[in-house]
Amino acid sequence: MNAVELAARYAELDYLARVPQRHGIVLPQFPQVEIAIVPAPPARTVEVRLILYTIYQTILEMKFGDGFKESEIEVYWDNQIKAHVYFTPPMDDSSYATGQFKALKSPLAGNTSIPENKTTNTTDVSANTQFEWTPIYEPNGHNIPPFEVFLLALGALKVVAPYPLTTRVGEPLHIGSELVNANIQIWPDVRPRATAHLRYGHVLEAVRRIPGWQLSRHRFAEFFCGIQANRPPLGVVLVQKGHYEPNLGELGGNVSTS
């Protein structure tokens, strides 16, 4: 959960901005681990997009590598060390130490293209609206392994991060991966009578809530969520087992829209 919340907070920022060192997120419900991303000296900042891809890739490598444990990781890009990532118990700045690092060589693998109309991701779409969601499990829905739900959420945050929070989601989004036997579908309400529109900020807010909502109910399964703001329906988010066809997209890669 700390990884999802950390990714969500960075996804709210300008995708191409550079940010200074900061503490990771330690949610009160999950005080056991902190994820801290520290720029590699002499740099004092690191790109937001690099942070997002690093969080996702690190979780992936932990799952299919040495497992989830205290780790220190070097992040390489263009054959240069760009940042250090720490998965540790909560700590202060003085606890960051150099040492033997696991090398993460390609955190930006996949599609890193930026929408042509990219502007600063600073406007909170919820600031002047009442964000509401109505999450329910699909009737007779299939269970989904917890890790796949978390990885889908991280991948979806990475996918929507390049877009300004206020940009309208004009077409359905289908987000999946060959590594995960599940997918996320985002369907905006495009009826002509619609008086409000689904925006990427609404999607970000819904996605960041999915793992925690399912964890609190001790069940990870197919899921349906309606999104509203000041009552008008804006769209729905689906989490379903299996690969979405025919528009399958890679998490953080070639996400299809149709």
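**View 1. H218, in the loop between α4 and β10.** In this predicted model, H218 sits in the loop that links α4 to β10 (223–229). Look at the backbone here: phi of H218 is near 55°, a positive value in a residue that isn't a glycine. Is H218 buried or exposed? With 74% relative accessibility, H218 counts as exposed.

**View 2. D78, in the loop between β4 and β5.** Here's another loop, running between β4 (71–77) and β5 (80–88), and D78 is found in it. D78 isn't a glycine either, yet its phi is positive, about 55°. D78 has a relative accessibility of 58%, so it counts as exposed.

**View 3. The peptide bond between P41 and P42.** Follow the chain from P41 to P42 and you cross a cis peptide bond, with omega near 5°. P42 has its place in the loop between β2 and β3 (45–47).

**View 4. Helix α1 and what covers it.** Now for helix α1, which spans residues 2–11. How many of the 10 residues of α1 are buried? The count is 9, so α1 is mostly covered. The buried ones are N2, A3, V4, E5, L6, A7, A8, Y10 and A11. What do they pack against? Their partners are the strands β1 (18–20) and β2 (34–39), along with the helices α2 (48–64), α3 and α4.

**View 5. α1 alongside α3.** Zoom in on one of those partners, α3. The two helices, α1 and α3, pack at an angle of about 10°, and their axes are 9 Å apart. That angle is under 35 degrees, which makes α1 roughly parallel to α3. On the α1 side, the contact is made by A3, V4, A7, A8 and A11, and on the α3 side by F150, L154 and L157. Sorted by type, the residues of this contact come out as 8 nonpolar, no polar and no charged.

**View 6. α3 against α4.** Helix α4 (residues 200–216) packs with α3 at an angle of about 165°, with 9 Å between the axes. Angles over 145 degrees count as roughly antiparallel, and α3 and α4 are therefore roughly antiparallel to each other. The crossing of α3 past α4 is left-handed. From α3, the contact draws on V149, F150, A153, A156, L157 and V160; from α4, on Y200, V203, L204, V207, I210, P211 and Q214. Those residues divide into 12 nonpolar, 1 polar and no charged.

**View 7. The largest nonpolar core.** Step inside and you'll find 68 residues in the largest nonpolar core. Which members touch the most others? They are L52, I55, I184, I186, I227 and V237. Helix α3 (residues 146–160) gives the most to this core, with 11 residues. In soluble globular proteins, nonpolar side chains tend to be buried together.

**View 8. V237 and its surroundings.** Let's stay with V237, one of those core members. Skip its neighbours within four places in sequence, and V237 is in contact with I184, Q185, I186, A206, I210, F223, F224, C225 and I227.

**View 9. Back out to the chain.** All told, the chain has 4 helices and 12 strands. Of its 258 residues, 52% are buried. Take the contacts between residues at least 6 apart in sequence: 77% of them join residues at least 24 apart.

Key
Residues numbered from 1 in each chain as written. Predicted model: local features only at pLDDT ≥ 70, side-chain atom pairs only at ≥ 80, totals over all residues. Heavy atoms only, no water. Core = buried A, V, L, I, M, F, W, Y, C linked by side-chain atoms within 4.5 Å. Buried < 20%, exposed > 50% of the residue type's maximum accessible area, 1.4 Å probe, protein only. Contact = heavy atoms within 4.5 Å. Axes fitted to C-alpha atoms, helices over the stretch in contact; angles between N-to-C directions. Parallel < 35°, antiparallel > 145°, perpendicular 65-115°, else oblique. Left-handed = near helix turned anticlockwise from the far one by under 90°. Nonpolar A, V, L, I, M, F, W, Y, C, P; charged D, E, K, R; others polar.
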